[in-house]
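Please look over the structure shown here before reading on.

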Amino acid sequence: MVVGGGIGGIQAALDLADSGFYVYLVEKSSSIGGKMSQLDKTFPTNDCSMCILSPKLVECGNHLNIEILTLSEIESVAGEEGDFHVRLIQHPRYIDVDKCIACGTCAEKCPKKLADDYNTGLMKRRAVYIRYPQAVPLKYVVDKENCIYFEKGKCRACEKFCPADAIDFDQKEIERTIDVGAIILACGFQPYDPAISDSYQYGRSPNVVTSLEFERILSASGPYQGHLVRPSDAREPKKIAWLQCVGSRNTRIGNKGYCSSVCCTYAIKQAIVAKEHSDGLLDTAVFYIDIRTHGKDFEKFFNRAKGEMGVRFEKSRINSILPGRDEGNLEITYLNGEGKVAKEDFDMVVLSVGLDIPQESIDLAQKMGIELNHYNFVRTGSFDPLQTSRPGIFVCGAFQGPRDIPETVIQASGSAAAASSLLSGQRHTLTKEKEYPEEVDVTGKEPRIGLFVCHCGTNIAGVIDVTEVTEYASKLPYVLVAEENLFTCSQDTQVKIKENIREHQLNRVVVVSCSTRTHEPLFQNTIREAGLNPYLLSMANIRDQDSWVHQSNKAGATEKAKDLVRMAVASAAKLSPLYRTKLPVVKKVLIVGGGIAGMTAALNAAGQGFEVILVEIEKELGGFARNIQRTLQGDDVREYVANLIEAVNHHEKVEVLTEATLAGFSGTKGNFKTELSVGPTMHHREIAHGALVIATGASEYRPKEYLYGEHESVRTQVELENMLSTEGEKIKGWKNVVMIQCVGSRNNANPNCSRVCCQQAVKNAISLKEINPEANVFVLHKDIRTYGFAEDYYRKAREIGVHFMRYDEHEDPIVERADGKIHVTFMDLALAREITLESDQVILSTGVVAGNTEDLASKLKVPLTSEQFFLEAHVKLRPVDTQSDGIFVCGMAHSPKTIDESISQAMAASARACRLLSQDWIDVGGIVARVDPELCASCLVCVRACPYEVPFINDEGVSEIDISSCQGCGVCAAECPAKAIDLLHFEDTQILAQISALLEAS
Amino acid sequence: MRLTYPDSIRIIRLPCTGKIDVIHMMEAFRKGADGVYVAGCLEGECHYLAGNLRAKKKVEYTRKLLDEIGIEGERIEMYGIAASDGPRFAEVAKEMHEKIMDLGPSPVKRVVRKGVPS
C-alpha cells in the first residue's frame, strides 16, 4: 500500500506494480497528482510541470495492478511486516464513477461558487468539481461541506442535469480493511502558512502571495490564464520581490529550524519565468540569507539568473514589510549585506514558503506507531534513509525531509525497492493479467469499417448535428456500420461495438468522440476483446477539437466534424495490425562500481532474488567512503562500510569481481553482453545480463591552489577528518584554524556546487571546537549550504563559536607563508573590508569532481553532462534511468551527494533494474520504425539523425533499427532521403491519406 | 479550458513533429490547403529530445520551396506550444487563421479552379 498520491506515491506505485505486486494507492483528495500538479514550471530546465506529470497520471490510472483509493483515509494499521491489516475509511464522492463521463454539466449547473483550493483560492470553483482538467481519476466530486443540498436540504441541480445519471446522493462512507505486506508513506508536505506570523502583510495585502500562489498566477490554467498580473488590480507588476526562508531556518516562529532545501531554486525559477512573461522588463529581486542551489546543475541556473537574466540577489535581513507609497505596493525595509538599512518599494511580494508537515500526517504517524523527528518529519537513520521506526513501513519524499521532485522520485523508487525485497517471495502472486481471444488475421482483406459516433451527452450533440454526421459517415468508402451512441465510452456501448465487430466481420473500427489521450486505451482494449489487433482503431476527436471549441458555430462545427470523420476513415482503411515481439530477459544485473552505492544496489537486487555481478576496478570494495570517518549526525561510516563489504562478499547471489574493468559492451535491455578484464592476470570474462547499474562514484578535487602540497599545514577536509580520531593531542595545539569553502567548486573550471563540502566543514569545525574549545575556527565561504536538517548543525557550530565569514566570490582568498604561520587574506563582505587572519592551519573544503567516466560512457553509449557526470534520462522524473533503456545510474557518478542520498539512489537504481528483471519477457515493437532494406542506400542519415542512436548498418550493409530500443518518434523516417524508413501506425501512406481525405472533398 | 478558436483548423496527429516531412506539407498545399502550421513542444523541451528542431528546419525549407514556386511562404509556420498552454494554442490558431485570411485562398486553388489539372 502506498499512502499519498503525489509524484512520490505515483512513482512508488508504478515501480511496484510493474515489478509484479498489486498496489493500493491511497489518496485523501479526489484525485492523484499532489503538489506537482499545481506547479507551473519545474527547475532547472523550466519544463512545464503538468506536461511531464500527466503521462504518469494516465499510466497510474490505467494500470491493471494499481487500485487507486481516492477520498480515503487510514484509520489504523494492525499486524506486522509482511502481514499488515489496514483499516481505512472511503468518503463518498456522491458521484457514480462508473457512470460519470466528466462532461462538466454538473459543475456548469451548480449554483454554488467558492474559493478553489487547487488554485490557492485565487479562482472560484463550484461545489461539484474536478480539481484540474487532467485529474486522475477524471471523475467529478461533490464537495459535501459546500453543497447547497447538504446544507439546506434542497437543490440537486447537478442531479437533474447530469446526462449520465451519475449523481448519487445516497452514497455512504465505506469502511474497508485491506491486507498488505508493506506500506510506503508518501504523504508529502504542505506549504508553510505565512499567516501564522503577522510580519509579512500576508492576508492583509492581496499582492503578498506565497510561492505556490505565484505558481498558479504564472500557470496558463491558473486564474489569469498565464498573464502575469497582481491580484489587487490585475495590473502587470513592474517590480517583484521574493523573500526567502519564510517558515524555514527560523527557530523562533513555529519551530522551523530546518532549511526547506527547494525554495532558493524555485524562487530563481519563478524570477526567470516572471521575467520571460514580461519580455525581460520586470525588475526581480530575491532577498536571501544564503543562496542554496546545491542540486545537479542548479548553480548554473543561478548563474544564468544572475547573469543574462538580470535577476537581483540581495543578501539581507528583512526588518519590515509595510504598505508602500503607491496603492497596492509594498515597502520592504532590510539590512543589506553590509549591515546598512535600506528601503525599496515593490508592486508584489512573493513569500518563498518552506515545506511543512500537515497535522493529518502527524496524526497518521501516530496511528501507525511511527516515530517523527523534532520537526515532525519521519525519523530515519543515516544509513537507512527510507526505513521508518516500524519494520515493513517505508517512507519517501518530503515526509522524510524537505526535498525536490527528483529526490522524491529517487526515494519513491528506493522505497519500492525496499518493499520489493521484503515481499520478493510473493512477486506475481496477486497481480492480474489480461487474456484476449486470438486475433483475426486481416492481411490482404478489404477494409470493413465500423464507425461509432458519440453524443457525449450534450457535449458533442449540443453543438454538432450527430445524426447528420453519422449519416454522412455511413456513405464513406468501406464503412459498413455507422451508429450513434449517447456515450460511446459507456460499458454497454463496448458490448455493442464488440457485437458489431462479430456480426459484420468488421476489421477496422473508427470511434468519433473525444481525445486519444484519454480514450484510445479503452477502445483499443474493446476491439482486442473482439479479436481485432488494437492498432486497427482510428479516432476522430469531434469534442475537444470541435464541439468544445466552436460552441457558437454549430454549422461550422458540424462541417468540421464531417472532415475529421472523413480523415479518420481514410486513415483507418490504411491501418495495418502491429505486433509485439517477446524477448526473454536475462535475470541478472551487472553493477559497475563497488562503493556504497554499488554495494547497496547489489544487496537490494540480490535481496529481490536476482543474480548480481559486482564489478570493482580497485582491489578492494568500499570506494570513496573508506576516507570518511563519521556522518554529520555522528554515525560511524567505517563500520558501516565494513559491514556492507562483509554482506556483499557473503551473499550467495552476489559475485564480486575486483580489479575488473569493462572491455566491451553490446546488446539491448534485457539482453546485454559485457566483456570484462578481471584480476591481476586480466583474464577475459563474458557476462550475459539483463540490466546494468553505473555506480562508479566520483573523485575529490586535488587542489593546486592555496599552497596545498607546498605547506604542511594546508590540508583538505578529508585529511583533517582522518587526523581527528588519531591525532587529538596535536590538534589541541592549534589556536587558529581557517577553512576555505568552494575550493574547486563554483568557479570557472567547475561551475557547480559540490553539495557536501559545507556539511563537511560544519562537521569538522564542530569536532575541532569539541577537541579544543579555545581554538578559533573560521569558515570562509560564499554561501553556507547546510540544507535540510543539516541546518541544525550549522546553528550549533555558530552557537559554540565557529566564525562564518563571507568572502567575495569574485576574489578568492590569498594564502601566504609568514614566519611559520600562514596568512589568509580575503575581502569580508559583511565588514566590507579586507581582513588577514593569522592561522596555524588552513583546511581546504575541496569539491567533488567526476571520475574518469568518458571511456565507460562511450562503451555504454550513455551521455555525460559537461562536467562529466552521467546524464539521467529526465532530470525530474527519470533521475536514475539513462537514455539507454536497461542502464541505470546512482550515487556520485550521477552528481555529488551525501551517503544517505547515495543509498536512496542506489535503492532506486535497483528498483528500476529489478522492475525490468522481474518480467520474464519484454514486449517490444508496436509503434516503431521499420527499414525497407531494398530501398536503403546506407547513407547513414538515420544513424546520425536518431536522438537515441538506435539505427546501425548491419552485416548486409543496410540500416537496421532494433525494435527493442526504438522510441517511435519517427525522426529517421522523416529524414531518410530514400524513404526507406516508415514509422508504423504513422506511415506516410496513412498521413497522406488523411491529407487527401481532408482536402479533396472540400 | 474549451477556449474558442477559428473552425478553419484541422489537426493531423503525429507522434513528434520530428516525423513531419516536406512531402506532407507540400502535398497539403498541392491538394489545396491555404495554410499549414506545425505545432510542437517548446524549443529545448522536445519529448523526443530534438524532433521539434528538425521540424523547424523542414518548415523553413518548405517555406523556401513555396516562395520559389510562387506560393506565399507565410502560409507555413512552426510554433512551439507547451502541452498545458491552452491559451497559447488558441492564440496561435487565431494568429494563423487571420494571416491566411489576409493572404486569401492559396494560389494553387485559384489555378485548380481555372481548370488546370492538379
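Predicted model: local features only at pLDDT ≥ 70, side-chain atom pairs only at ≥ 80, totals over all residues.

Is T388(A) buried or exposed? Because buried means under 20% relative accessible area, T388(A), at 5% relative accessibility, counts as buried. Leaving aside residues up to four places away in sequence, T388(A) touches I370(A), V378(A), R379(A), I393(A), F394(A) and V395(A).

Strand β42 (residues 814-818) of chain A pairs with strand β43 (residues 821-828) of chain A in the antiparallel sense, over five bridges. Within this pairing I814(A) stands opposite T825(A) of β43(A), and E816(A) stands opposite H823(A) of β43(A). The hairpin that β42(A) and β43(A) form has two residues between the strands, and D819(A) in its turn has a positive phi of about 50 degrees. β43(A) is in turn joined by seven bridges to strand β44 (residues 833-839) of chain A, again with an antiparallel course. H823(A) also stands opposite E838(A) in β44(A). In the hairpin of β43(A) and β44(A), four residues lie between the strands, and A832(A) takes a positive phi near 55 degrees.

The next topic is charge. Side chains of opposite charge can pair when their charged atoms come close. A search of the whole structure finds 79 salt bridges over all chains. One of them is the pair E407(A) and R755(A), whose side chains meet at 2.4 Å, N to O. Because E407(A) lies in helix α10 (residues 405-422) of chain A and R755(A) in the loop between β39 (736-743) and α20 (757-771) of chain A, this pair ties together parts that are 348 residues apart in sequence. R755(A) has 8% relative accessibility and therefore counts as buried.

A salt bridge is also formed by the side chains of K587(A) and D920(A), at 3.0 Å, N to O. With a relative accessible area of 32%, K587(A) is partly exposed. In the salt bridge of K763(A) with E721(A), the closest N and O atoms are 3.2 Å apart. Here K763(A) belongs to helix α20 of chain A and E721(A) to helix α18 (residues 717-726) of chain A, and the two are 42 residues apart. K763(A) is buried, with a relative accessible area of 13%, and E721(A), at 3% relative accessibility, counts as buried as well. Elsewhere, salt bridges that share partners join D15(A), K669(A), R878(A), D881(A), D885(A) and R912(A) into one network.

How many residues of chain A are in contact with chain B? In all, 49 residues of chain A are in contact with 38 residues of chain B. The two chains bury about 3,800 Å² between them, and 60% of this is on carbon and sulfur atoms. On the side of chain A, V549(A), F986(A) and L999(A) lose the most area to chain B, together 13% of what that side buries. Seven salt bridges are counted between chain A and chain B, and E520(A) forms a salt bridge with R13(B) in which the closest N and O atoms are 3.3 Å apart. The interface also holds 16 residue pairs in polar contact, both residues at pLDDT 80 or more. Among the elements of chain A that each supply at least two residues to this side are α2 (49-62), α13 (516-529) and α15 (554-573), while α26(A) gives the most, with nine residues. By class, the side of chain A that touches chain B has 23 nonpolar, 17 polar and nine charged residues.

How values were computed
Residues numbered from 1 in each chain as written. Chains lettered and ligands numbered in written order. Heavy atoms only, no water. Pairing = 2+ DSSP bridges. Contact = heavy atoms within 4.5 Å. Buried area = accessible area lost by both parts, 1.4 Å probe. Salt bridge = Lys/Arg side-chain N within 4 Å of Asp/Glu carboxyl O. Polar contact = N/O pair within 3.5 Å; in protein donor to acceptor, adjacent residues only side chain to side chain. Nonpolar A, V, L, I, M, F, W, Y, C, P; charged D, E, K, R; others polar. Buried < 20%, exposed > 50% of the residue type's maximum accessible area, 1.4 Å probe, protein only.
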